[in-house]
Amino acid sequence: MEQLDQWKEQLLHWRTLAEDQLRQVPPVQLYAAAAVLIFTTLLLLSLRLLKRAKSNTIVLTGLSGAGKTVLFYQLRDGSIHGGTVTSMEPNDEIFVLHSETTEKRKTKPVHVVDVPGHSRLRPKLDEYLPQAAGIVFVVDALDFLPNCRSASEYLYDILTKGSVVKKKIPLLILCNKTDKVTAHTKEFIRRQMEKEIDKLRASRSAVSAADITNEFSLGVPGEPFSFTQCYNKVTTADASGLTGEISQLEQFIREYVKP
Amino acid sequence: MLEQLLIFTRGGLILWTCRELGNALRGSPIDTLIRSCLLEERSGAASYNYDAPGASYSLKWTFHNDLGLVFVAVYQRILHLLYVDDLLAAVKREFSKIYDEKRTEYPDFDEVFRQLKAEAEARAEDLKKANPVGRSIAGGVGNGNSKKQGSGNKAGSEGGGKKKSGGGDGDGDGDRKKGGRLENGHSNDNFVVGKETNLKGSSVNGKENESSNLGAFDVNRLQKLRSKGGNGKKGGDGAVAAKGPSKAEPPKKAVKKNRVWDESTPETKLDFTDHGADDGGERNVDFLAKEQGESMMDKDEVVSSDSEAEEEEDDDDAGKNSKPDAKKKGWFSSMFQSIAGKANLEKSDLEPALKALKDRLMTKNVAEEIAEKLCESVAASLEGKKLASFTRISSTVHAAMEEALVRILTPRRSIDILRDVHVAKEQRKPYVVVFVGVNGVGKSTNLAKVKENNLFPFNLFKILYVGVMMAACDTFRSGAVEQLRTHARRLQIPIFEKGYEKDPAVVAKEAIQEASRNGSDVVLVDTAGRMQDNEPLMRALSKLIYLNNPDLVLFVGEALVGNDAVDQLSKFNQKLADLSTSSAPRLIDGILLTKFDTIDDKVGAALSMVYISGAPVMFVGCGQSYTDLKKLNVKSIVKTLLK
């Protein structure tokens with residue numbers, strides 16, 4: 001108790017000292033100082049807000065030939081124009097979704113990035129992942145089985161990336177080309193990929209014990225892998241880039257990039 | 001005939017295709033071109049051949065780097081279309097004028113294209129007709145050029161055009177064209193007309209005017225001189241400006257072209273050739289030749305002074321702090337340039353930086369051929385691009401090269417072989433790995449160091465409890481089987497051996513059968529080291545691979561080799577392809593680099609090998625113990641290469 005009293009006294013003493021000092025300073029300077037203080041805090045706050053608002057990036061990724069560029073142009077213009085060829089560079093643009101351009105109320109534009117699927121260009125993905133609000137992994141539902149392994153491997157790599165796991169970026173597995181009759185269902189694709197990733201997990205963890213290190217391991221050891229065990233939310237959806245049936249994709253985008 | 005012509009963005013959106021041609025392409029030549037050529041840093045090549053069932057196309061392309069556009073022409077291989085380069089350049093020029101980022105469709109380009117195509121075809125036709133005439137009268141002088149062009153084309157269609165001899169590059173690289181023009185000057189008048197119109201497409205400034213009327217030529221020359229005298233610094237831009245008038249009025253020019261073509265219809269041409277023998281014609285030719293000669297010299301000076309200036313600037317930029325007053329003007333202008341950003345990068349601007357980069361790569365043990373090709377490809381990707389503010393040319397080139405290197409070294413196929421082993425296990429087949437390579441890279445007689453590289457997956461497989469078996473298929477060198485047996489004993493894994501003097505292919509086959517009997521999951525097949533030129537041994541290897549169809553053919557190479565890396569790998573691949581009896585030969589799937597710990601920062605062999613074969617580096621061996629095998633870290637390799 002005595003100590004507390006002592007501290008109180010000390011505090012009071014300091015306060016009087018400070019008040020004396022303040023009185024000596026002309027008021028104009030005081031106001032100026034206060035203004036500067038307020039201004040900087042506001043600036044910092046607004047910067048912070050802006051930064052958060054900037055995370056409206058949706059990354060389209062997947063194997064080469066899955067239809068990412070077509071989906072990109074469907075989102076932007078609602079048309080695929082003259083068709084597409086293999087991309088050599090990412091398509092990176094901020095726009096208002098085509099389906100929302102007709103709406104009266106103002107909608108926030110979305111930053112959509114279409115990263116090429118060619119394996120040589122995969123390092124590009126790392127540039128965009130840290131700022132992503134959502135990842136769309138496009139899978140070719142028509143030609144799925146031959147590409148199942150490489151697609152799963154790519155997905156595994158994405159799901160174990162540090163930037164994805166730490167920020168828990170939601171991921172949508174989008175089964176494209178479902179307008180075709182022979183396309184596989186999304187449930188089938190999901191099951192197959194889970195199986196494939198389960199096997200990958202075993203071999204990758206063995207390799208990492210040897211010398212390669214994956215940043216994170218997936219799922220619960222000892223249990224068969226399923227996407228629900230992921231750190232981030234993984235969902236599946238259908239789409240058809242060719243016919244423009246992309247409502248589920250737009251729904252996903254709007255879920256994570258608020259209008 | 002031309003099958004198709006496409007214009008698309010680097011992002012992959014097709015902006016325009018020729019609907020008139022309308023032939024449906026068989027297969028997907030464009031996608032294959034992009035995947036296997038343009039993305040593999042082979043865009044320096046002149047043309048690409050596409051083979052698919054029922055289709056064999058040749059593809060030619062050109063970039064507009066500033067706008068990010070790609071122009072691709074597809075035609076049947078059997079037709080050696082001479083006008084394709086010309087047409088591509090013309091299409092590029094015209095299309096870049098109407099290109100707008102916001103627009104995605106260009107129906108109005110149809111008309112322009114029709115005209116361009118007709119002109120290009122007409123020029124080619126003209127050249128064809130003019131050639132024999134020129135030869136008959138002017139003799140061998142004029143021929144040199146046509147021959148050169150022919151051979152260039154051939155080299156291009158073989159896909160091995162090393163020096164862009166096909167002429168895929170439009171913009172003013174000069175020597176070949178210059179030479180051609182001089183020769184034309186010596187040959188007769190008529191030939192000049194044909195030749196000039198042919199060359200015109202490659203954006204050489206207003207040459208057609210010279211051949212049609214000399215007055216115009218004088219004006220042009222004056223302009224050039226003025227631009228040269230005006231300020232040496234802006235010399236390059238001046239040349240561009242001189243190019244301007246002829247470029248700026250496309251409709252007028254089109255008319256003029258047509259007129260030239262109309263004049264040189266066969267009848268008038270015959271007239272001309274007759275005149276060519278006359279004195280008047282002769283004098284005319286002389287005059288023309290002289291004029292052209294002078295103009296060439298002028299141009300040369302402009303270009304050289306320009307490039308010198310650039311070099312100086314570059315140097316100054318580098319040593320800005322050390323001696324800023326060395327050249328005040330150079331320093332100031334470079335300063336200004338680095339702030340404002342340069343208009344468009346030209347080849348001459350890039351050359352010094354590229355040369356420095358090439359030298360640096362070569363000191364890192366990259367094969368010269370590879371370094372050269374890489375630099376060409378990087379130059380092709382940068383030419384015409386705008387230099388951003390606050391950057392130097394050297395740093396831009398550096399960044400582009402870094403990107404290219406990362407792209408090359410990033411494996412195309414999965415290098416997770418354990419995953420493959422699992423697949424094979426599910427199919428109840430042993431996974432067969434064959435090790436090939438030249439002598440002494442990891443299989444020479446001396447010591448245990450040799451084999452630990454070949455036993456590499458042991459530490460991985462042991463963890464998974466996968467059964468491994470080794471097959472001693474080195475029945476050539478004495479002591480090889482015993483050596484392998486020693487290793488097998490130390491690692492406690494079974495070995496399959498049949499002694500010497502046996503056909504290795506048969507030994508391997510028996511080993512695989514044995515493995516599937518006793519349930520081994522992996523068979524490691526050791527083969528004799530062989531030089532790439534040793535025909536009988538290569539034949540034996542080819543047989544072994546063909547007979548057993550292994551899951552993985554692993555090329556064991558030394559990290560120490562320099563230029564020989566290219567030779568080894570390309571010959572191995574070549575021999576395996578040539579000597580194989582099947583239609584789809586097995587080539588090398590992956591590379592194992594040994595002795596990686598001995599080379600310090602000279603990691604260039606990795607780059608050379610990957611570039612030449614397209615196969616990824618699966619492992620690098622860097623130590624003496626059985627577990628010293630690592631994966632290649634692409635980022636650190638690239639950093640080391642460019643350090």
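Start by selecting Arg428(B), in the loop between helix H17 (417-426) and strand S6 (431-436) of chain B. The model is a predicted one, and its backbone has a detail to check here: phi of Arg428(B) is near 60 degrees, a positive value in a residue other than glycine. Most residues other than glycine have a negative phi. Is Arg428(B) buried or exposed? Arg428(B) has 9 C-beta neighbours inside 10 Å, so this residue counts as exposed.

Now hop over to chain A and pick Lys168(A), in the loop between helix H6 (162-167) and strand S5 (171-176) of chain A. Phi is positive for Lys168(A) too, near 50 degrees. With 11 C-beta neighbours inside 10 Å, Lys168(A) counts as exposed, because the cut-off for that class is 12 or fewer.

Stay in chain A and colour the sheet. Six strands make up this open sheet, with mixed pairing, in the order S2-S3-S1-S4-S5-S6. Which strands stand at the edges? They are strand S2 (91-95) and strand S6 (234-238) of chain A; each has a single partner strand, so one side of each is left without a neighbour in the sheet. On average, neighbouring strands of this sheet are turned by 20 degrees against each other, direction ignored.

Zoom in on strand S1 (residues 57-62) and strand S3 (residues 110-114) of chain A: they run parallel and are joined by four bridges. To see one facing pair, select Ile58(A), which stands opposite Val112(A) in S3(A).

Among contacts in chain B with a separation of 6 or more, 73% come from residues 24 or more positions apart.

For the last stop, show helix H14 (residues 347-363) and helix H16 (residues 393-409) of chain B, which pack at an angle of about 55 degrees with their axes 9 Å apart. That angle makes H14(B) oblique to H16(B), and the crossing is right-handed. Display the side chains where they meet: Asp349(B), Leu350(B), Ala353(B), Leu354(B) and Leu357(B) from H14(B), against Ile393(B), Ser394(B), Val397(B), His398(B) and Met401(B) from H16(B). By class, this contact has seven nonpolar, two polar and one charged residues.

Conventions: Residues numbered from 1 in each chain as written. Chains lettered and ligands numbered in written order. Predicted model: local features only at pLDDT ≥ 70, side-chain atom pairs only at ≥ 80, totals over all residues. Pairing = 2+ DSSP bridges. Helix = DSSP H or I, 4+ residues; strand = E, 2+ residues; numbered from the N terminus. Axes fitted to C-alpha atoms, helices over the stretch in contact; angles between N-to-C directions. Parallel < 35°, antiparallel > 145°, perpendicular 65-115°, else oblique. Left-handed = near helix turned anticlockwise from the far one by under 90°. Contact = placed C-beta atoms within 7 Å. Nonpolar A, V, L, I, M, F, W, Y, C, P; charged D, E, K, R; others polar. Buried ≥ 20, exposed ≤ 12 C-beta atoms within 10 Å, placed from the backbone.
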